[in-house]
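Reader: I'd like to walk through a fold with you, feature by feature. Can you show me how to read each one as we go?

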Amino acid sequence: MSPEDFIQQYTAALASQDWKTVDPLIHESVVVTFSTGTVNKGKPIVQQAFERNFSMIKGEHYSMDNINWILQDDNTAVYTFEYQWSGYINEQLFSGSGFGSSVLRKVNGNWQLLLEHLGKKPLQTHNPA
């Protein structure tokens with residue numbers, strides 16, 4: 001599996017809204033920061049946070065695009081991305097979007113999410129000329 005394959009598997013796992021599907025993709029020392037500013041450290045805490053979201057948001061659709069690879073080597077991959085989500089909370093449709101950054105780490109030959117930070121979209125993105 002390549003880091004690009006990981007992204008496809010991760011988004012599909014999130015769409016399943018089943019922690020057992022997500023679990024193998026998550027590093028034991030994971031840190032996930034949601035766009036609300038909530039920081040979740042360690043796999044058991046991240047599991048609780050994800051399961052809370054799965055139970056609260058029904059039929060969630062989550063996608064990533066504009067993926068920008070910062071670093072890829074044999075054991076580490078770092079990327080930024082834009083994300084969108086939509087789903088039903090108390091039978092009312094909600095949606096959101098933002099900007100994220102992630103760090104993947106290869107463990108026993110498999111890529112796992114070590115860090116994910118979700119936030120608001122930046123006002124501007126500057127690229128060197």
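Reader: Let's begin with helix α1: how many residues does it have, and how far does it reach from its first C-alpha to its last?

Author: This is a predicted model, so keep that in mind throughout. Helix α1 covers residues 3-16, which makes 14 residues. From first C-alpha to last it reaches 20 Å, close to the 20 Å expected at 1.5 Å a residue.

Reader: Which residues of α1 are buried?

Author: The buried set is P3, F6, I7, Y10, T11, A13 and L14. Look down the axis of α1 and these buried residues fall within an arc of 160°, so they line one face of the helix.

Reader: And what follows α1?

Author: Q17 does, and its phi is positive, near 55°.

Reader: How should I read a positive phi?

Author: Here's the general idea: most residues other than glycine have a negative phi. Now for two more cases in this model. N66 has a positive phi of about 50° although it is not a glycine, and it sits in strand β3. E91 isn't a glycine either, yet its phi is positive at about 65°. You'll find E91 in the loop between β4 and β5 (92-107).

Reader: Is N66 buried or exposed, and what about E91?

Author: N66 counts as exposed, with 52% relative accessibility. E91 counts as exposed too, at 79%.

Reader: Let's turn to aromatics. What do I look at in a pair of rings?

Author: In general, a pair of aromatic rings is described by the distance of the centres and the angle of the planes. This structure holds eight aromatic pairs. One of them is F50 with F54, which is edge-to-face: 6.2 Å centre to centre, with 80° between the planes.

Reader: Where do F50 and F54 lie?

Author: Both are in helix α3 (residues 43-56), four residues apart, or about one turn of the helix. F50 is buried, and F54 is buried as well.

Reader: What sort of pair do Y62 and Y83 form?

Author: A stacked one: the centres are 6.0 Å apart and the planes make an angle of 25°. Y62 belongs to strand β3 (residues 58-72) and Y83 to strand β4 (residues 76-89), so the pair ties together parts that are 21 residues apart in sequence. Y62 is buried, and so is Y83.

Reader: Now the charged residues. What's the idea behind a salt bridge?

Author: Side chains of opposite charge can pair when their charged atoms come close. A search of the whole structure turns up three salt bridges. Take K43 with D23, whose closest N and O atoms are 3.2 Å apart. That pair links distant parts of the chain: K43 is in helix α3, while D23 is in the loop between α2 (19-22) and β1 (26-33), 20 residues apart.

Reader: Is K43 buried or exposed?

Author: K43 counts as buried, at 9% relative accessibility. D23, at 28%, counts as partly exposed.

Reader: With which other residue does K43 form a salt bridge?

Author: With E28, where the closest N and O atoms are 3.5 Å apart. This pair also links distant parts of the chain, E28 being in strand β1 and K43 in helix α3, 15 residues apart. E28 is exposed, with a relative accessible area of 53%.

Reader: What does K121 pair with?

Author: The K121 side chain meets that of E82 in a salt bridge, at 3.6 Å from N to O. K121 lies in the segment after β6 (110-119) and E82 in strand β4, so the pair ties together parts that are 39 residues apart in sequence.

Reader: And how exposed are K121 and E82?

Author: K121 is partly exposed, with a relative accessible area of 41%. E82 is partly exposed too, with 24%.

Terms used. Residues are numbered from 1 along each chain as its sequence is written. This is a predicted model: local features need pLDDT of at least 70, side-chain atom pairs count only at pLDDT 80 or more; totals for chains, interfaces and linings use all residues. Side-chain values use heavy atoms; hydrogens and water are left out. Rings of Phe, Tyr and Trp (its six-membered ring) pair if their centres lie within 6.5 Å; planes under 30 degrees apart count as stacked, over 60 as edge-to-face and the rest as tilted. Helices (H or I, at least four residues) and strands (E, at least two) are DSSP runs, numbered from the N terminus. Buried means under 20% relative accessible area, exposed over 50%, partly exposed in between (1.4 Å probe, protein chains only). The expected span of a helix is 1.5 Å times one less than its number of residues. The arc is that of the directions from the helix axis to the C-beta atoms. A salt bridge is a side-chain nitrogen of Lys or Arg within 4 Å of a carboxyl oxygen of Asp or Glu.
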